[in-house]
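Please keep the sequence and the coordinates at hand while reading.

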Amino acid sequence: MTDDSRARARAAARAAVTEPVPVVAASAARDGAGTEDAGSRRRRGPAPVREWESAAVVVAVILTVAVGSRLVVAAGVSVGTLLALALAPVWLSAAAKYRWAGTFLALGALCAITGPVLTTLAEPGHVVDPLLQRENYVRLAELVLGAGALLWARLHLGVRWLAVAYGTGMLVDVVQRGELSFKFGAGLAVTVIVLGWLTPGLRPGRGVWRRIPRTAQAIACVVLGVLFAADDGRSAFAMLLLTAAVVLWQVRMDERSLRRSAWVTVGAVVAAGLAAYGGARALILDGAFGTAMAQRTAAQLELSGNLLAAGRPEMGATAALIAHRPIGFGPGVPVNSEDLGVAKHGMSQLGYDPDNNYVYDYMFGRGIELHSLFGDFWAVHGPAGVLFWLFLLLLVVISLVRRTVRGMADAMLVYAAILTLWNLFFSPVYSSVPMLILAVVLLLPRWADAVDGDDDSEAEREPGTPQGAGTA
């Protein structure tokens with residue numbers, strides 16, 4: 001197989017993952033994909049009407065921006081959640097085109113169903129807060145409905161334009177909150193827009209593959225990381241360096257050996273993570289981003305020994321509360337005095353003094369905020385929340401490794417996966433939901449991609465074949 005045909009096969013395979021279904025189908029037809037069998041045509045159905053497709057693209061853009069913007073209408077419910085609920089009959093059928101999407105939706109529904117049971121079990125010794133209970137259900141609906149609706153939008157927009165539209169919505173959210181800092185405000189939205197724009201794809205209206213060099217994606221990650229570091233965004237800086245390393249790793253690997261070396265790829269990602277962590281720590285301690293950041297980092301390292309555990313007393317509270325009440329608390333259930341004492345004891349075991357406003361006002365002021373998706377899912381949704389968390393963890397790890405092994409992990413996907421891994425362990429629910437929605441939408445594989453990816457001979461197929469061209 002020539003290098004040119006191999007490159008065309010890889011481009012077609014990637015289009016099956018990142019491109020809108022109608023566009024890919026049309027491109028495949030122009031390239032000679034008319035040889036597909038009748039069964040494939042029956043599965044895909046008739047070609048969509050052009051007018052309907054144009055209207056669907058417009059609706060998909062509006063929906064994506066709305067979900068990303070988190071504009072609240074009433075009672076904490078956002079415009080995006082309402083649109084997703086209204087379009088449920090449309091996107092529920094589209095979700096069937098994605099492998100594991102049914103499991104994601106089922107686990108979200110399980111959390112909603114078991115919530116009232118947990119609340120009832122906790123009522124004898126706790127006071128239930130109806131407003132907090134509503135907030136928890138609204139947050140779950142935002143995650144599950146938003147991700148489900150954007151799976152449909154991805155079929156019409158492709159990964160590139162979906163990410164750009166979603167990042168635009170996130171900028172709208174930044175403006176309405178009035179958050180001016182790059183670290184807590186526009187930085188994440190700008191990163192999504194830039195990396196989304198640098199995702200390869202078909203040029204609009206044409207079947208020409210838009211090539212983006214991986215070096216350009218890596219450079220963009222480094223530049224964005226420096227901008228975060230300049231605003232004290234140490235974790236974001238390290239994650240973007242790791243993203244650049246994973247993207248460049250795929251440049252050095254031969255396509256065939258890449259597919260057959262999953263464990264080597266995992267090892268390389270872990271090594272790159274350790275290198276990014278060490279490099280970021282060295283730069284910060286050397287004063288590359290200011291004396292104040294260097295002094296604060298040195299103090300945290302002296303206290304905890306590493307930056308990951310530095311300033312994370314919530315882990316002690318989480319472990320103590322799980323041992324104290326394994327079934328969780330339920331939506332709308334705050335801790336009582338006994339629970340608070342248990343949590344404080346767990347934090348004190350880490351050498352942290354829990355008698356402060358952060359513990360009393362933020363962590364346990366109204367509800368339970370354990371500053372990690374694992375702790376928050378367990379506290380609010382109990383065992384169902386833990387299952388949901390495990391599913392998300394496996395989805396991120398498996399999808400990231402598979403795409404990297406196949407040489408199809410672009411910077412947007414890698415960054416979304418890495419940031420979601422961090423959030424699963426170290427970030428609260430409210431601030432994590434936007435990127436969690438995007439990560440689920442980007443990482444869930446379409447069935448055509450999932451089937452093709454299990455065949456080692458995929459690279460040898462011509463783009464004109466059904467597998468090479470890709471269907472949904």
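## Burial and the cysteines

A residue is called buried when its relative accessible area is under 20%, and exposed when that value is over 50%. The model discussed here is a predicted one, and every value in this report should be read with that in mind.

Cysteine 111 has a relative accessibility of 0% and therefore counts as buried. Cysteine 221 is likewise buried, because its relative accessibility is 0%.

## Valine 192 and its surroundings

Valine 192 belongs to helix 9, which covers residues 182-197, and with a relative accessible area of 0% this valine is buried. Once the neighbours within four places in sequence are set aside, the residues in contact with valine 192 are Ala163, Gly167, Met170, Met412, Met435 and Leu438.

Helix 5 spans residues 79-86, and its buried residues are Gly80, Thr81 and Ala84. These residues lie on the same side of helix 5, because the arc that they cover around the axis is only 100°. On the other side of the helix, by contrast, Leu85 and Ala86 are exposed.

## Packing of helix 8 against helix 18

Helix 8 (residues 130-177) packs with helix 18 (residues 373-405) at an angle of about 25°, and the axes of the two helices are 13 Å apart. Since angles under 35 degrees count as roughly parallel, helix 8 and helix 18 are therefore described as roughly parallel to each other. The crossing that these two helices form is left-handed.

On the helix 8 side, the contact is made by Asn136, Leu140, Leu143, Val144 and Arg154, while helix 18 contributes Phe377, Val380, His381, Phe388 and Arg403.

## Threonine 318

Threonine 318 is located in helix 15, which runs over residues 314-324. With a relative accessibility of 7%, threonine 318 falls under the 20% limit and so counts as buried. When residues up to four places away in sequence are not counted, threonine 318 touches Leu370, Phe374 and Gly375.

Definitions and conventions:
Residues numbered from 1 in each chain as written. Predicted model: local features only at pLDDT ≥ 70, side-chain atom pairs only at ≥ 80, totals over all residues. Heavy atoms only, no water. Helix = DSSP H or I, 4+ residues; strand = E, 2+ residues; numbered from the N terminus. Buried < 20%, exposed > 50% of the residue type's maximum accessible area, 1.4 Å probe, protein only. Contact = heavy atoms within 4.5 Å. Arc of directions from axis to C-beta. Axes fitted to C-alpha atoms, helices over the stretch in contact; angles between N-to-C directions. Parallel < 35°, antiparallel > 145°, perpendicular 65-115°, else oblique. Left-handed = near helix turned anticlockwise from the far one by under 90°.
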